[in-house]
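Subject: Structure handover

Hello,

Here is the structure I said I would pass on. Please open it alongside this email and look up the residues as they come up.

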Amino acid sequence: MSENGAENTAYATDPDEYRHALRRHLATAPSLARFRERGHKSTEERITSDARLMSHLAAEGGWNLYGWPTEIGGLGGDERHRGVLYDELSRSGLPVPEPHLLIETLVPAVTKFSPHLARRHAAAFLRGEEWWGQCFSEPEAGSDLAALRTKATRQADHYVLSGQKLWTSHGATATRLVCLVRTGTTESRHRGLSMLMVDVDSPGVSVRPIALASGDNELAEIFFDDVIVPADQLVGTEGQGWAVAMFLLQYERAMYAWQTASVALRRITELRRLVGELPGPLPDGARRRFGACYVDIITLRARSSQTVRRLAAGDTVGPEASVDKILLASAEQGLHDLARDLLGSDFLLSDSAAVRAWRADWWYSRSATILGGSAEVQRTILADHVLELPKEMAR
Ligand SMILES: Cc1cc2nc3c(=O)[nH]c(=O)nc-3n(C[C@H](O)[C@H](O)[C@H](O)COP(=O)(O)OP(=O)(O)OC[C@H]3O[C@@H](n4cnc5c(N)ncnc54)[C@H](O)[C@@H]3O)c2cc1C
């Protein structure tokens, strides 16, 4: 058994063995200290640092490659290994690298529906050497995704792609985009959609970063002007885009929920320490609110561990992942509202790195009820597809 974890079959088959070895590595590797520092000045700097951490973990024993099939550059194992990775990184004070949200969203679907593309490109993404974005939303198609209009027309061995995407996370830094596009008529709604992988450096692709309220350039709008995309960059087959998207969304919602709990469990402890350093007694109700917030995070974790085990067993979670999405949004927003309320004027005025991070994260937490499908839409999915409630009648 190799001590550094590389291609260790015992780790691949036993998530507990993997957890123990990874925990030991993260606690003792001096080379990781620099990744614990916060305070990057821009989104680009933060993602670059996260990507370096991914390359480092891959080179130092392949620690972040467990949980992925060997055919696409992983070291074997399943979703539970990825869950362990996020927990242990966070527990040791390291960030869960931001590209991992997109990895969780995109790599399972590309691997299932177009293994040739996963074999060609996923290893570089897992190793932090290239970054991908997910292009679904458009100006007139967010909750109503089946209304999207970005059009791909087949010509011989390629598609010609034209249209506009909006709110692409990491769009300003992505090198590859997985895009849901219309290959049928507008009236065909979800039946006329296909998924295409597009290289950002193709002629006709332009990216315009969107500055968020926090000042971060985390999102982008992306324009496609007669972009030529080889037909072998279809994810799945033509017309199968909706099925690919539905498969993908269960991973986006479920694994994001796990990541959120991994980080929140560390952050609530850090908040308790930070609030304890403030002069004077704890504000009224602080103990009760900490308790309530902790319960929300543990509820999320309890639900999420069930979901991750189901995914690891090859189960289809489908619309039930909307429960995880709703719980993650309450836990995420509850934690950041707690920080805002308990840090008082420091939350608004302090320039310390710790408080600046809470402020930026508070802004981002507002989006937890929107990104990946809004909370209202998640509840409707549960009503329609899980509880199978009859439609409400307008009286
Ligand atoms: C931080 C962030 C990151 C994102 N990243 C990505 C990304 O990487 N890729 C991507 O493709 N998209 C991304 N999005 C876009 C996201 O998926 C959409 O914002 C979301 O689906 C909502 O769509 P919309 O913004 O068009 O709002 P709308 O669909 O216009 O909704 C506006 C409001 O109306 C409500 N509403 C709409 N329809 C219904 C209904 N049928 N019943 C009840 N209420 C309804 C919604 O809940 C919402 O409150 C991101 C968004 C954010 C905020």
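The notes below go through the domains, the salt bridges, the aromatic rings and a surface patch. Please keep in mind that this is a predicted model.

Domains

UniProt, in an unreviewed entry, lists residues 135–227 as "domain: Acyl-CoA oxidase/dehydrogenase middle". In the model this span is 51% strand and 0% helix, and its end C-alpha atoms are 15 Å apart. The unreviewed entry also gives residues 239–386 as "domain: Acyl-CoA dehydrogenase/oxidase C-terminal". Here the figures are 79% helix and 0% strand, with 25 Å between the end C-alpha atoms.

Salt bridges

There are 27 salt bridges in the structure. One of them joins R301 to D87, with 2.9 Å between the closest N and O atoms. R301 belongs to helix α8 (residues 286–312) and D87 to helix α4 (residues 79–91), so this pair ties together parts that are 214 residues apart in sequence. R301 and D87 are both buried.

Another salt bridge is formed by D199 and R176, whose closest N and O atoms are 2.8 Å apart. Because D199 sits in strand β5 (residues 193–199) and R176 in strand β4 (residues 176–182), the pair ties together parts 23 residues apart in sequence. Both of these residues, D199 and R176, are buried.

R266 and E270 also form a salt bridge, at 2.9 Å between the closest N and O atoms. Both lie in helix α7, four residues apart, which is about one turn of the helix. Is R266 buried or exposed? Its relative accessibility is 13%, so R266 counts as buried, the cut-off being under 20%. E270 has a relative accessible area of 22%, so E270 is partly exposed.

Some salt bridges share partners, and in this way R289, D337, R340, D341 and R366 are joined into one network.

Aromatic rings

A pair of aromatic rings is described by two values, the distance of the centres and the angle of the planes. The model has nine aromatic pairs. In the pair F125 and W132, the ring centres are 4.5 Å apart and the planes are at 20°, so the pair is stacked; the cut-off for stacked is under 30 degrees. F125 has a relative accessible area of 0% and is therefore buried. W132 is also buried, because its relative accessibility is 2%.

F247 and Y251 make a tilted pair, with 5.3 Å from centre to centre and 45° between the planes. Both are in helix α7 (residues 241–276), four residues apart, or about one turn of the helix. F247 is buried at 18% relative accessible area, and Y251 is buried at 8%.

Ring pairs also link Y11, Y18, W63 and Y66 into a cluster. Two charged residues lie over ring faces: R82 is over the face of W68, 3.7 Å from the ring centre, and K112 is over the face of F113, 5.6 Å from the ring centre.

Surface patch

Which residues form a nonpolar patch on the surface? They are V386, L387 and L389, with about 280 Å² of accessible area together. V386 is in helix α11 (residues 375–386). With 35% relative accessibility, V386 counts as partly exposed.

Regards

Key: Residues numbered from 1 in each chain as written. Predicted model: local features only at pLDDT ≥ 70, side-chain atom pairs only at ≥ 80, totals over all residues. Heavy atoms only, no water. Patch = residues over 30% accessible without salt bridge, like charges linked within 9 Å, V, L, I, M, F, W, Y side chains within 5 Å. Areas by Shrake-Rupley, 256 points an atom, 1.4 Å probe, with all protein chains shown as cover. Salt bridge = Lys/Arg side-chain N within 4 Å of Asp/Glu carboxyl O. Helix = DSSP H or I, 4+ residues; strand = E, 2+ residues; numbered from the N terminus. Buried < 20%, exposed > 50% of the residue type's maximum accessible area, 1.4 Å probe, protein only. UniProt positions renumbered as here; feature names shortened; annotations may be inferred. Phe/Tyr/Trp six-rings, centres within 6.5 Å; stacked < 30°, edge-to-face > 60°. Lys NZ or Arg CZ within 6 Å of the ring centre and 35° of its normal.
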